[in-house]
Amino acid sequence: MASKVVDPTTPGLPLVWSELFEEAAIPGEVGSVMQGVGLEEEQLIVVAVRFGDEWRWYRSERDCWVLDQTKWRRAFMDAGHAVPDTGFAERFGIAVADGTAVFMFLSHMEAFRVFRDELRTRLVEASRTASEWWDVASCFPTLLVDFDGRVLVSAYAESPRFEEYVPDGWHGQYGDFF
């Protein structure tokens with residue numbers, strides 16, 4: 001199945017959504033953590049990732065997806081906060097998820113990769129009792145990371161502002177990619 005670059009300025013359904021509801025399986029998918037990883041639900045996000053011309057989905061702790069942790073740390077320090085130097089241990093020692101570090105980053109994130117069918121099942125189940133959007137919102141990605149096109153689009157309305165902390169040479173924006 002061929003992918004295409006998601007242009008965040010183009011209206012319409014990105015390929016990642018049409019693939020979510022197709023029946024074909026994605027080769028190479030691994031285990032699931034949809035049941036959670038011991039964090040509060042609001043700390044977990046679903047992320048749509050394009051890498052190597054393949055779409056993948058992850059459900060994990062949101063702060064892992066701040067692609068340039070160095071810029072994020074600097075913003076805290078510039079605001080007068082004391083920030084301990086942890087060597088980015090909370091994110092596998094990876095300060096910036098770009099270039100060759102992408103392979104290591106995604107390798108660590110593999111434990112949080114989810115099946116497309118599981119997202120679909122979770123959405124169907126949640127829809128049965130949903131009375132408003134927020135009842136099913138956790139079934140949808142709030143972040144789109146295109147490592148191939150060097151684009152990040154965030155629909156995450158709270159902190160952190162993912163689009164502000166992208167690696168140099170990337171395009172980050174806040175907006176709707178649905």
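Buried means under 20% relative accessible area, exposed over 50%, and partly exposed in between (1.4 Å probe, protein chains only). By this scale Asp-148 is partly exposed, with a relative accessible area of 35%. The model is predicted: local features need pLDDT of at least 70, side-chain atom pairs count only at pLDDT 80 or more, and totals for chains, interfaces and linings use all residues. Residues are numbered from 1 along each chain as its sequence is written, and side-chain values use heavy atoms, with hydrogens and water left out.

**View 1. Five strands form an open sheet.** The strand order is β2-β1-β3-β4-β5, and the pairing is mixed. β2 (54-61) and β5 (171-174) stand at the edges, each with a single partner strand, so one side of each lacks a neighbour in the sheet. Neighbouring strands are turned by 15° against each other on average, direction ignored. For such angles, axes are lines fitted to C-alpha atoms, for helices over the stretch in contact, and angles run from 0 to 180 degrees between N-to-C directions. Strand β3 (residues 141-146) pairs with β4 in the antiparallel sense over four bridges. Val-145 stands opposite Leu-152 in β4. Strands (E, at least two residues) and helices (H or I, at least four) are DSSP runs, numbered from the N terminus. Two strands pair if DSSP finds at least two bridges between them.

**View 2. Ser-154 sits in strand β4 (residues 151-154).** Ser-154 counts as buried, at 0% relative accessibility. Its side chain reaches the backbone nitrogen of Tyr-156 at 3.1 Å. Ser-154 touches Thr-142, Leu-143, Phe-162, Glu-163, Gln-173, Tyr-174 and Gly-175, not counting residues up to four places away in sequence. Contact here means heavy atoms within 4.5 Å.

**View 3. Asp-148 forms a salt bridge with Arg-50.** The closest N and O atoms are 3.7 Å apart. The pair links distant parts of the chain: Asp-148 in the loop between β3 and β4, and Arg-50 in strand β1 (residues 44-51), 98 residues apart. Arg-50 is buried, with a relative accessible area of 6%. A salt bridge is a side-chain nitrogen of Lys or Arg within 4 Å of a carboxyl oxygen of Asp or Glu. The structure holds eleven salt bridges.

**View 4. Glu-54 and Arg-113 meet through their side chains in a salt bridge.** The N to O distance is 3.3 Å. Glu-54 lies in strand β2 and Arg-113 in the loop between α3 (101-109) and α4 (116-129), so the pair ties together parts that are 59 residues apart in sequence. Glu-54 counts as partly exposed at 24% relative accessibility, whereas Arg-113 is buried at 3%.

**View 5. Trp-65 and Phe-105 form an edge-to-face aromatic pair.** Their centres lie 5.1 Å apart, with 85° between the planes. Trp-65 lies in the loop between β2 and α2 (69-78) and Phe-105 in helix α3, so the pair ties together parts that are 40 residues apart in sequence. Trp-65 is buried, with a relative accessible area of 0%. Phe-105 is buried as well, also with 0%. Phe-92 and Phe-105 form a tilted pair, 6.5 Å centre to centre and 55° between the planes. Rings of Phe, Tyr and Trp (its six-membered ring) pair if their centres lie within 6.5 Å; planes under 30 degrees apart count as stacked, over 60 as edge-to-face and the rest as tilted.

Terms used
A polar contact is a pair of N or O atoms within 3.5 Å; within protein, one must be able to donate a hydrogen and the other to accept it, and residues adjacent in sequence count only if both atoms are side-chain atoms.
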